[in-house]
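Q: I am new to this structure and would like to learn how to read it. Can we go through some features in turn?

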Amino acid sequence: MPFNKTLQNMKLDLLTVKMGKSMVNNQTMSPKEVMEVLMRVVGKENVLYEPYDLIPYSRDRYPLLTHPKQGITPLAVVLPKTTEEVQKIVELANKYRIPLTPRGSGTNYAGSAVPAKGGLVLDLTKMNKILWIDEGSMSAKVEAGVILQVLEEELNKRGFTFGHDPGSFPSATVGGCISTKSLGWRAGKYGDMGRLVLSLKVVTPTGLVIETRDMPKSSTGFDINNLFIGAEGTLGVVTEATLRIHPFPEKMIIHLYAFPDFELAFKSLLRVLRSGLNPMTQLVIDEEGLREFLEDPSAKAGVIIGYEGVKEVVEAEMKRTALILEEDGGKRLNDEAAEDYWANRHDMFSKMNVEGAADSIDTAVPVSKVLEFYEFIQNQIKSGRIKSLGVSSWVLPENLSLDSAFSESEAKEYREAKDEIVRKAIELGGTSSYCVGVGIRFLHLMKMEHGPVLDVMRMIKRALDPNDIMNPGKLSL
Amino acid sequence: MRIDENHALKDLYRELNLCNRCRCGFCRRNCVTYRFLGAESLTCRGRNAIALSLLDGLIEASQGLAERFYLCTTCGFCKDRCPIELDTTRIVEMMRTELFKKGFVKPEHSAFIGHIQKVHNPYGQSHEEKLQWLPPKIGVAKKSDTAYFIGCTAAYRRPEIAEATVRVLNVAEVDFMLLHPEEWCCGSPALRIGRRDLFYELAKHNLEAIVKAGVTKVVTSCAGCYRSLGKDYKEFFGDLPFKVVHMSELIAELVKNGSLRLDKEIPKVVTYHDPCHLGRHMGIFEPPREVLRSIPAVKFVEMPRNRENALCCGAGGGVKAGFPDFARQAALERLMEAEKIGATTIVSACPFCAHNFKDVIREQKLPLEFYDLTEFILKSIR
């Protein structure tokens, strides 16, 4: 595996750097010279190369890398402040074939920000300016390193909301969310990160700076934005984005309903969706995931559902929803439980780490297969191979996730069980990840999921990045 | 290093492992050190990865590594925002202790530690000089239930705060004594940079002096002393036979019960800076605000980052001594925040914040005035 390199090896690498031997497949420039050029581009203080400064960049939140010894230390970390600096770094990397791994806040669970092939980590968090907010066109332009929570707070002051609200909202960057096509708690209303992007500025792997037009709709050729959304930085470095923003909702309502079992809860939610309602958030969760919120001991599942927007509309939507859920046997629990759950939504995954290394298997299958897949997951849990902290259908009815935790000694067995679950999702016509990404975790499943589509992805990669410098070792490209 | 259940660092090791499993990075956003320097190794999450690597022998300690820990102001923002509720400031202090044992210290810290060991204050001045600020006509009891614990920074560097404090106490007719010459450094500077041994020695002395004086209430005008006496002494010695009160709490109480009448108008636009050791560490947010709002003609305005989210002034945790330029940069950002909301006056309740802010206001010629809460309310007393 590419990520089993130990810190001992890293030390040797660093020693090699200090001795000035080439690690960049190039005869004319030593790592020391590379470092000197980088320092001229971004300033000495923005190039990190000491072992202690590199260790924090050797991992992201991929749960199988629980200890620093399991990470991969880059040669150096570069912190650019402008697109021009990024361009110069990319040109250097391309000329001397240096692997380049872009990174935001490093909150990805798939290892997308792990420098799998060493080289340089491009930390974009100093590119953190909100460039403009245009209330008239309801759009905002930001640099890639802007933190979602910072953007949201700035928009709230002006009566707007961005609407992208993943679990990592307090620390994730806009660039990271674009590169993983992330999904948030409020996506029922606002869509995933991809839907929120109007235009992008990107430095391509050969050093070209391109910027798409921030038109919401264009019929003039390929949709270039979507080439970079979810590409995990393998096709270039996203440095700026123009985003859709929305009016801050007049009212938000979140309710929690208890159900006798998951199947009834899920089917009832489908009835809500089929009636033409469009919840801002929706979650069907099993007993394990909702345990602390279930007051009724007979309840084995819950539905959390919410709306936001114009007051009268939201109230009418929730009233209609309540009719359907209650008709199907749902019992509304007190608002405090729903509000607690909502208030805790960004912290809950972190808290699971108290139980062991927490992971989320973020699979999706066709709606018609969800209950079959749910049964399969439950059997895996019953076999004792995997410890469940909750199975849930989240935001889209196709999504079915398993939150779990494992100890260091259980890691191998966990990995195998996880693999079987993900394979089953693919067999059922689904996807191995609806929001986290491939990173280094599902390289071996990309062919199974995509077939010849993966060949097209590889052709695109070769066309744009002939020297394979951009985030190599990801997406099975 | 093998760290098993019996090891002195087992709790620290467990917490570091927990953070290394989680790695959410929620600690990054308002971290004053990270905001200025931008390297992941200066975030709580990054330091915890380094710390685990160090304890597990994967990396060697060095002066550069140690500075990643010494650059933390121990402001506690990361602790406040940590979903798994790690005591992150304690982790920093424990790691500083380990680094000290390995011989990695900041020379500036060694200097003030040397002073504390020699003359019981970090400024190296004599005990005799500690009361130079005391005005002649102030009534100080020889014996009282209440003692004013002056603190070294107010006594030697910001005497206006010590003076205002005793004047306020006199106006409100609060009977109080001083512990001098038995008041030593509270130990906060030693503990914050990891010298738990020295902290223990200082705290033991002060505790004995307080108990011997028969005091039941200790009043501090320093946020650092307040945290140290009110929290750290308890951690080391258990429940204390006296109450610890910060002047901001006492003033709010005196205003409420009518002992202090703030009736002279102060027509200024005023904002309040929450000292980390008083606010996030000890939960005192409202009393100083209540006092400021009660002063006639004061227009009170809040900075966007306030209470639990307040930005650190940059002086704490030994940073003002060890990294003065960085401390000034941090203070400048906070002062600019105050200026941006139209404040002409910034009030706080910590001599350490006062020291840092006043330096920067003077150096940068900023159109802002700084007052300690005690100084400010004196202007409103007829």
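A: We begin with the contact between the chains: 27 residues of chain B are in contact with 31 residues of chain A. Two residues are in contact if their C-beta atoms, placed from the backbone, lie within 7 Å. This is a predicted model, in which local features need pLDDT of at least 70, side-chain atom pairs count only at pLDDT 80 or more, and totals for chains, interfaces and linings use all residues. Residues are numbered from 1 along each chain as its sequence is written, and chains are lettered from A and ligands numbered from 1 in the order in which they are written.

Q: Which helices of chain B each supply at least two residues of the side that touches chain A?

A: Helices (H or I, at least four residues) and strands (E, at least two) are DSSP runs, numbered from the N terminus. Here the helices are H1 (10-22), H3 (44-55) and H4 (63-70) of chain B. H3(B) gives the largest share, 6 residues.

Q: What classes of residue make up the side of chain B that touches chain A?

A: Ala, Val, Leu, Ile, Met, Phe, Trp, Tyr, Cys and Pro count as nonpolar, Asp, Glu, Lys and Arg as charged, and the others, Gly among them, as polar. That side of chain B has 13 nonpolar, 7 polar and 7 charged residues.

Q: What do the two faces of strand E4 of chain B hold?

A: In a regular strand the side chains alternate between the two faces of the sheet. E4(B) has Val244(B) and His246(B) on its covered face, and Lys243(B) and Val245(B) on the uncovered one.

Q: How many bridges join E3(B) to E4(B)?

A: Two strands pair if DSSP finds at least two bridges between them. E3(B) and E4(B) run parallel and are joined by 4 bridges. Val218(B) has Val244(B) as its bridge partner in E4(B).

Note on methods: A residue is buried if 20 or more other C-beta atoms lie within 10 Å of its own, exposed if 12 or fewer, and partly exposed in between; C-beta atoms are placed from the backbone.
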